[in-house]
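Visitor: I have a model open and would like to go through it with you. Can we start with the surface and work inwards?
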Amino acid sequence: MDNAIYIVFSATPTGMGRLIRKATRNRYNHVSLSLSRDIRRMYTFARLHRAIPLYGGFVAESILRYQSFAGAARVKICRVEVPEPQFTWLRNYLERLWNEREEYIYNTPAALASLVHLRPTISKAYTCVTFVQGILTRYRLAGVLGTDSPTVRSLERRLAPFVVYEGPAPVCAGDWGEDPYPMETTTRYAVYTTARHFGRLARRVLIGVT
């Protein structure tokens, strides 16, 4: 059994991804975590649907996100060995998050504020980098320590000794699985979900409820 996790940095093929890379001057704008070498399924916080950029949460990304729509995205994959007990705990933790995924939402204000080096904390709300940073810190992996302002760039630097691949996203057989990314949506649905998303964020900031 491969007791290792795979941290996947990616240059996502979206307008928002390109905007973030331009603003941060960094090659990668997104980070995910996989429990398998083929990275077919990756856990992270991101948009749920391709056509709704500001509505996001905890997702199980398919590798097809990086092989579709705008060509193969560039990725950097880091392999971090994990002792068996921690690997089991991590797998159980991710399963719990997945079962409770409706409670967890994307921290859009933190993603926007990070461009000016701020990262507001909101209950049960994460960005991709605060999620992965939190996992590495929680399980004391790769020498990653907690920080008030984690960034994709700082996480890349910390994981530089663990890089095993960098280049176009690997092409492998697979399907979308439980990833809702390619789902076609209506304008009405996009407006509703985005408004609801920001309403939930506002309530958590004001009174701390989900």
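Visitor: Which residues make the nonpolar surface patch of about 360 Å²?
Guide: Val205, Leu206 and Ile207 make that patch. Bear in mind that this is a predicted model.

Visitor: Where does Val205 lie?
Guide: Val205 is part of helix 6, residues 187-207.

Visitor: And is Val205 buried or exposed?
Guide: Exposed, with a relative accessible area of 55%.

Visitor: Okay, salt bridges. How many by count?
Guide: The count is 10 salt bridges. One of them joins Arg27 to Glu166, with the closest N and O atoms 3.6 Å apart.

Visitor: What does the Arg27 and Glu166 pair tie together?
Guide: Arg27 sits in the loop between helix 1 and strand 2, while Glu166 belongs to strand 8, so the pair ties together parts that are 139 residues apart in sequence.

Visitor: What about Arg74?
Guide: Arg74 also forms a salt bridge with Glu166, and there the closest N and O atoms are 3.8 Å apart. Since Arg74 is in strand 5 (residues 74-81) and Glu166 in strand 8, this pair ties together parts that are 92 residues apart in sequence.

Visitor: How exposed are Arg74 and Glu166?
Guide: Arg74 is partly exposed, at 34% relative accessible area. Glu166 is partly exposed too, with a value of 34%.

Visitor: Which residue does Lys124 pair with?
Guide: Lys124 forms a salt bridge with Glu103, the closest N and O atoms being 2.5 Å apart. Lys124 is in the loop between helix 3 and strand 7 (125-126), and Glu103 is in the loop between helix 2 (84-99) and strand 6, so parts 21 residues apart in sequence are tied together. Lys124 is partly exposed at 28% relative accessible area, and Glu103 is partly exposed at 32%.

Visitor: Switching to cysteines. How many disulfides?
Guide: The count is 0 disulfides. The sulfur of Cys78 has its closest cysteine sulfur in Cys128, 14 Å away, which is too far for a bond.

Visitor: Are Cys78 and Cys128 buried or exposed?
Guide: Cys78 is buried, with a relative accessible area of 0%. Cys128 is buried as well, at 6%.

Visitor: What happens just after helix 4?
Guide: Arg140 takes a positive phi of about 50 degrees there. Arg140 lies in the loop between helix 4 and helix 5 and is exposed, with 77% relative accessibility.

Visitor: Which value does phi take at Arg25?
Guide: Phi of Arg25 is near 55 degrees, again a positive value in a residue other than glycine. Arg25 is in the loop between helix 1 (15-24) and strand 2, and at a relative accessible area of 75% Arg25 is exposed.

Visitor: Since you mention strand 2: how many of its residues are buried?
Guide: For strand 2 (residues 30-34) the figure is 5 of the 5, so the strand is largely enclosed by the rest of the structure.

Visitor: Which way do those side chains point?
Guide: His30, Ser32 and Ser34 point one way, and Val31 and Leu33 the other way. In a regular strand the side chains alternate between the two faces of the sheet.

Visitor: In what sense does strand 2 pair with strand 1?
Guide: Antiparallel, over 5 bridges, with strand 1 being residues 4-10. Ser10 has His30 as its bridge partner in strand 2.

Methods: Residues are numbered from 1 along each chain as its sequence is written. This is a predicted model: local features need pLDDT of at least 70, side-chain atom pairs count only at pLDDT 80 or more; totals for chains, interfaces and linings use all residues. Side-chain values use heavy atoms; hydrogens and water are left out. Helices (H or I, at least four residues) and strands (E, at least two) are DSSP runs, numbered from the N terminus. Buried means under 20% relative accessible area, exposed over 50%, partly exposed in between (1.4 Å probe, protein chains only). Two strands pair if DSSP finds at least two bridges between them. A disulfide is a pair of cysteine sulfur atoms within 2.5 Å. Patches are made of residues with over 30% relative accessible area and no salt bridge: like charges are joined within 9 Å, nonpolar side chains (Val, Leu, Ile, Met, Phe, Trp, Tyr) within 5 Å. Accessible areas come from the Shrake-Rupley method with a 1.4 Å probe; for residues, only the protein chains shown count as cover. A salt bridge is a side-chain nitrogen of Lys or Arg within 4 Å of a carboxyl oxygen of Asp or Glu.
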